[in-house]
Amino acid sequence: QYIQSLNLNPPHFHLILLPLAPLPGPWALLVWGIVSLGCLALSLRMIVREAGVVLTPWRRRLAALALLSFAGLGAVAVTGQVSFVLLLPMTLAWARARRGAWAGAGHYLGLVMSVKPFLGIFLPYLLLRRRFDALGTTLGAAAGAFLVGLGIFGWEAHRSWIAGLSAVTWEWVAMNASLLGFLKRVLAPSAYYAPLFDAPGLIGPIWLLLSAAVGVVSLTIAATDSSARTVDRGFAVLLFAALLISPLGWTYYWWLALGPMVALVAAWHPLPETTPLAGAARRRRALLLISLPGIFWPLPATVAFQPNPWATVVTGSAYFWATLALWAALIADWGLGGG
């Protein structure tokens with residue numbers, strides 16, 4: 001079935017695309033690809049430095065294999081999405097916050113948030129953490145971006161953008177790793193997936209209930225964490241929570257959490273069996289391992305064994321389970337105090 005995927009980026013984002021408009025399609029795509037890969041390379045370099053990861057030859061080969069096998073890379077390659085371009089300011093925001101430069105972090109957060117409003121979950125986080133300087137710069141940067149867009153493109157373009165957002169009906173697609181995407185696959189008929197139950201009336205209430213639970217738990221953890229890894233864990237848990245809660249939690253946005261996740265996982269280590277937290281450490285490790293099949297699950301395999309309701313739950317929703325497992329692993333890590 002053909003899906004008409006609308007352009008859901010706000011008008012001001014198109015300012016960085018205007019230089020590509022005079023180019024023929026293939027050349028514009030090539031330039032976009034080069035710019036995107038440049039942003040990815042800069043982000044990876046910053047992440048390695050911030051996380052303190054020593055890249056031995058063996059680790060370089062393993063990292064290259066992981067990146068090439070990563071389902072998030074396949075999602076970007078298929079869609080030509082903006083993920084790598086957004087990864088750079090998100091990584092800069094995380095790096096600034098780690099160094100205590102919260103006002104600077106807010107500038108970058110605001111820019112990313114203005115393009116992807118589901119990242120608004122960071123606003124209550126900054127408020128609860130009493131990072132009022134970052135809250136001000138975040139709101140200022142986001143508002144400034146929209147004002148520039150209004151001044152150049154006008155109100156009609158923004159009305160069209162809002163209408164496009166409200167017209168989305170393809171949340172059931174496998175690349176959607178959100179709670180709503182999972183529920184729409186298992187509780188309603190769709191083009192590729194046989195539902196477990198045909199109960200579309202339950203989707204809205206269950207989604208709202210689960211989203212509220214994920215949001216409250218995530219904000220509680222991010223706001224009360226006082227460990228040495230508070231920034232890493234706060235950014236990571238909020239980014240995965242945003243993907244679970246948002247109707248548009250696509251796998252190509254996994255990239256946004258790359259920096260804090262690398263920093264956290266690099267610091268995770270087994271605890272001696274004699275310590276009271278050894279069991280929690282095992283659960284954290286188990287949840288991370290549970291996420292791996294979905295993280296590397298190829299997109300064509302998401303329609304394997306269809307039509308079959310249980311295949312919809314398992315293989316058709318592999319990306320959802322990976323996102324949920326990573327979020328749960330971060331919850332377990334908080335319980336360990338980052339140990």
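In which loop is Ala174 found? In this predicted model, Ala174 belongs to the loop between H7 and helix H8 (179–186). With a relative accessibility of 3%, below the 20% cut-off, Ala174 counts as buried. Leaving out residues up to four places away in sequence, Ala174 touches Arg185, Tyr193, Leu299, Thr302, Gly316 and Tyr319. Between Ala174 and Thr224 there are 50 residues in sequence and a C-alpha to C-alpha distance of 34 Å in space.

H7 (residues 132–166) contains 35 residues, yet its end C-alpha atoms are only 32 Å apart, whereas a straight helix would reach 51 Å at 1.5 Å a residue. A kink of about 110° is present in H7, with its centre on Phe153. The buried residues of H7 are Ala134, Leu135, Thr137, Thr138, Ala141, Ala142, Ala145, Gly149, His158, Trp161 and Gly164. These buried residues pack against H5 and helix H6 (122–128).

Helix H5 (residues 102–115) has a span that is close to expectation: its 14 residues reach 20 Å from the first C-alpha to the last, against 20 Å expected at 1.5 Å a residue. Buried positions in H5 are Trp102, Ala105, Gly106, Leu109, Gly110, Val112, Met113, Ser114 and Val115. They pack against helix H4 (83–98), H6, H7 and H10.

The axes of H5 and H7 come within 7 Å and cross at roughly 35°, and the crossing is right-handed. On the H5 side, the contact is made by Trp102, Ala103, Gly106, His107, Leu109, Gly110, Leu111, Met113 and Ser114. The H7 side contributes Asp133, Ala134, Thr137, Thr138, Ala141, Ala142, Ala145 and Phe146. Sorted by class, the residues in the contact of H5 with H7 are 10 nonpolar, 6 polar and 1 charged. Several of the H5 contact residues are also buried, among them Trp102, Gly106 and Leu109. On H7, residues both buried and in the contact include Ala134, Thr137 and Ala141.

Ser246 counts as buried because its relative accessibility is 7%, under the 20% cut-off. Apart from its neighbours within four places in sequence, Ser246 is in contact with Phe118 and Ser178.

Backbone geometry was examined at three further loop positions. Most residues other than glycine have a negative phi, and most peptide bonds are trans. Arg130, located in the loop between H6 and H7, has a positive phi, near 60°. The relative accessibility of Arg130 is 63%, over the 50% cut-off, so Arg130 counts as exposed. Phe305 likewise has a positive phi, in this case near 70°. The residue is placed in the loop between H12 and H13, and Phe305 is exposed, with a relative accessible area of 65%. Pro307 also falls in the loop between helix H12 (278–295) and helix H13 (309–313). The peptide bond that leads from Gln306 to Pro307 is cis, and its omega is near 0°.

Note on methods:
Residues numbered from 1 in each chain as written. Predicted model: local features only at pLDDT ≥ 70, side-chain atom pairs only at ≥ 80, totals over all residues. Heavy atoms only, no water. Axes fitted to C-alpha atoms, helices over the stretch in contact; angles between N-to-C directions. Helix = DSSP H or I, 4+ residues; strand = E, 2+ residues; numbered from the N terminus. Left-handed = near helix turned anticlockwise from the far one by under 90°. Contact = heavy atoms within 4.5 Å. Nonpolar A, V, L, I, M, F, W, Y, C, P; charged D, E, K, R; others polar. Buried < 20%, exposed > 50% of the residue type's maximum accessible area, 1.4 Å probe, protein only. Expected span 1.5 Å × (residues − 1). Bend = angle between axes of the 7 residues up to and from the residue.
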